[in-house]
Amino acid sequence: MQLLALFTPTRRALAVVLLAAACAHPAWALVTFDDVKRDFRSSDTAVLDRNGELLQRVRTDATVRRGQWIALADVSPALRTAMVLSEDRRFYEHSGIDWRAVSSAAWGNLWNTRTRGASTITMQLSGLLDEDLRRASGGRSFTQKIGQTVAAAQLERNWRKDQILEAYLNTVPFRGEIVGIDALSRTLFSKAPSGLDAREAAVASALVRAPNAKPALVAQRACEVLRAMEPGQKVDCDAIDMFTSAAVQRRAFDANQGIAPHAARRVLREMRDAAAADPAAPPKGKETSVRTTLRAPLQRFALDSLQRHLRELRDRHVEDGALVVLDNASGEVLAWVGSSGPLSQAAEVDGVTALRQPGSTLKPLLYGQAIAEKRITAASLIEDSSAQISTASGLYIPQNYDRQFKGPVSARTALAASLNVPAVRTLVMVSPESFARSLRAAGLPLRESGDYYGYSLALGSAEVSLLSLANAYRMLANSGRYGTTTMTVRPPASPAGKAKAAAVAPLLDPRAAFIVGDILSDPNARTRTFGLDSILSTRFWTAVKTGTSKDMRDNWAVGWSQRYTVGVWVGNASGASMWDVSGTSGAAPVWAEVMRFLHAREPSRAPTPPAGLVEARVEFGPAADGNAIEAARSEWFLQGTEQPLFALDTGMATDGVAARITAPSDGTIIALDPDIPPLRQRVRFESEGRGVQWRIDGKPFARGNSAQWLPWPGRHVIELVDASGKVVDQRKLEVRGAGVVTKSARR
């Protein structure tokens, strides 16, 4: 009561009211500065890398624009000064209530005189923190004003002045949806709060008094604040008016900023889906940051490398690209570049998850399956020559990239040099449906059955995503064991969990996976297509495969080292064709750069051969020119499949496939073109099996697995005869010629 004696009668009466209100509402004393700071929620979610470095800001609250909590020490002195001068000149003198301002306001109201108002920063903060005290459109009620005053006194008793000012700056509304000094500074001034100068600080403080006022009124108020900040100095109010008009219209604080927009959206979507799938889980607060498995330095380098290379390819009609890096052991995503950003006309499309034709990058998985099923070995000879394969819809005639054929080649050469015809012949042995099942098991999202794609599946006619393809290659790197990928850090597996994972049967025979990796790491095997000095060759151990889809719409490079798998795609999101982009000029240079970055200080050693593999010396029989088909070498075999010699006359070119006609198909009708010289119109016969010969209408015609026939009009029977003279297969065909009357027609 001694304190009340110091007050005037009016103040004593008000103090008694406040004391009674404080006793009636003790809850106002419960909120602490730490509570407010902890409960503060940005309108953005900060997506962080594995070490806490910011990768991306993503707008996740569309109702408000609120930045990060800013410590008072990180707010410019000019802004602190402007805010106090504008809103509460005696902020550091009073205890929450400015009695002098209250008296002035009461006197002004009595005589209808315009005054500054009596609401202190502390009182404003109390109204911001308590929903019951917030100002309505018609103003605060008398009860609210009393409650606001009591709450301010409670805040001053429990908080320091610097805490009050810091909380106020972070929670006060400024303009429109903007709340807090961080959002205001970045939106209107494109800078952090620590960098605001006196003019910007004056505009910011003016917006507190009139958040949605017209720019002219805001500028007038800012000019007054600036005069108070710089007494005796001449203030150019016209310049402030122009500056304010430009600032309040600026929206520089983008909803999405950083170096990993697609990865950020992906991880946030996965988190929402996980929460929706488990409604029984305890509710969690809105997270303002999410830690991912990505590495910020690697993400930054990968983005720069991709964009730099795409700029070099601009004159070849290439504008899009994507890249992903996986950790082989854990499946963690270490880098995710979804697009070329400003270089793209479709920057929002995520190239890591978009479905595209993978071209030859499916071949390693095909050869791995064929080796695991013991249909071929790495040394088996496969004919690289013109092929006409009968299908339900007609003849399928695969071609190599360079439109040339190499003759008989080993499976090692066929895969490393990316020869198309041997891959198709290998798929004939495996069957499209069986291969499609294996691809789906490896996580590749094939939309149709294997029979739908047919033999073109060997050349990548199905659509897959870069992420799923890279993860399938990661399976090869992990000895055939398949695992899912993740962008959130998983808890370390327990010994029991590791043992359980190790007990799961591999998707692909580890021996076959090793052989495929050995082939794709062999620079000598790829020389027929890529030459000796290829961009694919690294100074450390890597296995890599390139691919180009039909009409040069997509170009890929996917490969792995001892620890990492890297996948790169370049092309056009629109599906437009590129111009003169090869397997080594498109995605491969980016792949090589990223691999070198990953292994700048980290070695990569060749994998250890698994049990059940045999390394044996092999030789190859003579080709048509009398020279050995390939040079003798040491080769890896699944135990029991090794042999010392591979030659055409041993039947290894077909590996025991039963003798049959593969082209033409039965019932083929051939129409002779009168505009083409007859001697240039030939039909190619193709077969499988060894020691075979051809007969036409019962007469011997040619020997070997292929022959060219000069057709003549009429109906004909083509027979394939084995070494014993037995007819093993036959086809009926008809040749029609314009203006030619056949014997059958005369009959």
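## The model and its ground rules

Because the model is predicted, local features need pLDDT of at least 70 and side-chain atom pairs count only at pLDDT 80 or more, while totals for chains, interfaces and linings use all residues. Residues are numbered from 1 along each chain as its sequence is written, and side-chain values use heavy atoms, with hydrogens and water left out.

## The whole chain

The protein chain holds 25 helices and 29 strands. Helices (H or I, at least four residues) and strands (E, at least two) are DSSP runs, numbered from the N terminus.

The chain has 747 residues, and 50% of them count as buried. Buried means under 20% relative accessible area, exposed means over 50%, and partly exposed lies in between (1.4 Å probe, protein chains only). Now take the contacts in the chain with a separation of 6 or more: 70% of them come from residues 24 or more positions apart. A contact means heavy atoms within 4.5 Å.

## Helix 15 against helix 17

Two packed helices are described by the angle between their axes and the distance between the axes. Axes are lines fitted to C-alpha atoms, for helices over the stretch in contact, and angles run from 0 to 180 degrees between N-to-C directions. Helix 15 spans residues 363-372 and helix 17 spans residues 420-430. Their axes come within 10 Å and cross at roughly 45°. Helix 15 and helix 17 are therefore oblique to each other. Angles under 35 degrees count as roughly parallel, over 145 as roughly antiparallel, 65 to 115 as roughly perpendicular, and the rest as oblique.

Helix 15 passes helix 17 in a left-handed crossing. A crossing is left-handed if the near helix is turned anticlockwise from the far one by less than a right angle, and right-handed if clockwise. Helix 15 brings Lys363, Leu366, Tyr367, Gln369 and Ala370 to the contact. Helix 17 brings Asn420, Pro422, Ala423, Thr426, Leu427 and Val430. The residues of this contact divide into seven nonpolar, three polar and one charged. Here Ala, Val, Leu, Ile, Met, Phe, Trp, Tyr, Cys and Pro count as nonpolar, Asp, Glu, Lys and Arg as charged, and the others, Gly among them, as polar.

## Helix 10 against helix 12

Helix 10 (residues 198-209) packs with helix 12 at an angle of about 65°, with their axes 11 Å apart. The two are therefore roughly perpendicular to each other. Helix 10 passes helix 12 in a right-handed crossing.

Arg199, Glu200 and Val203 of helix 10 meet Ile240, Phe243 and Thr244 of helix 12. Three residues of this contact are nonpolar, one is polar and two are charged.

Helix 9 (residues 181-188) has seven of its eight residues buried, so it is largely enclosed by the rest of the structure. The buried ones are Ile181, Asp182, Ala183, Leu184, Ser185, Thr187 and Leu188.

In helix 18 (residues 432-441), the buried residues are Pro432, Ser434, Phe435, Ala436 and Leu439. Their cover includes helix 15, helix 17 and helix 19 (450-453). Gly443 follows helix 18 and has a positive phi, near 90°.

## The disulfide

The structure holds one disulfide. Such a link is a pair of cysteine sulfur atoms within 2.5 Å. Cys223 is joined to Cys237, S to S 1.7 Å. The link is left-handed, with -45° about the S-S bond. Cys223 sits in helix 11 (residues 215-229) and Cys237 in helix 12 (residues 237-247), 14 residues apart.

Cys223 has 2% relative accessibility and counts as buried. Cys237, at 25%, counts as partly exposed.

Ser190 is not a glycine, yet its phi is positive, about 55°. This residue lies in the loop between helix 9 and helix 10. Ser190 is partly exposed, with a relative accessible area of 47%. Ser418 also has a positive phi, near 55°. Its loop runs between helix 16 (411-416) and helix 17. At 13% relative accessibility, Ser418 counts as buried.

A cis peptide bond joins Ala663 and Pro664, with omega about 0°. Pro664 lies in the loop between strand 22 (660-663) and strand 23 (668-672).
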